[in-house]
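Colleague: I have a few questions about this model. Can we go through them here?

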Amino acid sequence: MLCSDGTKKLSFGGSIKDGDLVIVYEKRDVMKAVKVSPTPELWTLVLSHRTQILYIADISFLITYLEIVPGSLVLESGTGSGSLTTSLARAVAPTGHVYTFDFHQQRAASAREDFQSTGVDSLVTVGVRDIQGEGFPDEYSGLADSVFLDLPQPWLAVPSAGKMLKQDGTLCSFSPCIEQVQRTCEALKSNFRGLLRVRGDIGQAREALCRTAQ
Ligand SMILES: C[S@@+](CC[C@H](N)C(=O)[O-])C[C@H]1O[C@@H](n2cnc3c(N)ncnc32)[C@H](O)[C@@H]1O
């Protein structure tokens, strides 16, 4: 490993840092140099799991379908371990913002620390709030380009999410259980006009159902 700062001594005691040049030996006599920088993809692989998290396959899909672009204003709940939030932050940068809410004080505090250490804190605001009980704060009414829900009872948050969205804004709710999906679809049908897409994997849903039944 080579230090990016040539004035500093090389140390093997610490961790690899942003900007360090890492020499990777592909074979005994073939090397390549890789400049390390933290990406949301790498962060999702190494973050500390305080909850179940979203992984890159689902994250890429939902960011595309929510049409999140630089400048978007995104509302999210729950924050959980911040896996999705980190990718959302990169997608809205440099002028957009992600307002993410979790009702668990300690999780919200840990997420704030993580966003600071990964350098996305200027793009993300973490709030402590019971989104199923109270809904999103009224100050975002009609301002959100996208709303994302990863909650145990997302159907309770659907009416508030609808109020937050701009005309033609998009809502996505992620649930592992088919019963959650069914109840959320009912709430979406009675609160929204427009396109309803349900994407699911029955195998996954069954697995999730088995897990909850144990
Ligand atoms: C599965 S985790 C979200 C994981 C997140 N999508 C990620 O990729 O790291 C669900 C989160 O929702 C939070 N939560 C549950 N009920 C809530 C509520 N009523 N209001 C706000 N957050 C809630 C939990 O505390 C938990 O952190």
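**Gly 82 and its surroundings**

Modeller: Let me start with Gly 82, which touches Leu 47, Ala 111, Asp 114 and Phe 115, leaving out residues up to four places away in sequence. Two residues are in contact if their C-beta atoms, placed from the backbone, lie within 7 Å. This is a predicted model: local features need pLDDT of at least 70, side-chain atom pairs count only at pLDDT 80 or more, and totals for chains, interfaces and linings use all residues. Residues are numbered from 1 along each chain as its sequence is written.

Colleague: Where is the place of Gly 82?

Modeller: In the loop between strand 3 (73-77) and helix 3. Helices (H or I, at least four residues) and strands (E, at least two) are DSSP runs, numbered from the N terminus.

Colleague: Is Gly 82 buried or exposed?

Modeller: Buried, because 33 other C-beta atoms lie within 10 Å. A residue is buried with 20 or more other C-beta atoms within 10 Å of its own, exposed with 12 or fewer, and partly exposed in between; C-beta atoms are placed from the backbone.

Colleague: What about Ser 83, where does it lie?

Modeller: Ser 83 lies in helix 3. It counts as buried, with 26 C-beta neighbours inside 10 Å. Its contacts, leaving aside neighbours within four places in sequence, are Thr 44, Leu 47, Ile 53 and Leu 54.

Colleague: Now the ligand. How many residues surround it?

Modeller: 23, and the closest are Leu 54, Gly 78, Gly 80, Ser 83 and Gln 132. A residue is near a molecule if its C-beta atom, placed from the backbone, lies within 6 Å of it.

Colleague: Which element gives the largest share of that shell?

Modeller: Helix 5, with three residues. Helix 3, strand 4 (97-102) and helix 5 (131-134) each supply at least two.

Colleague: Why would residues three or four places apart point the same way?

Modeller: Because an α-helix has 3.6 residues a turn.
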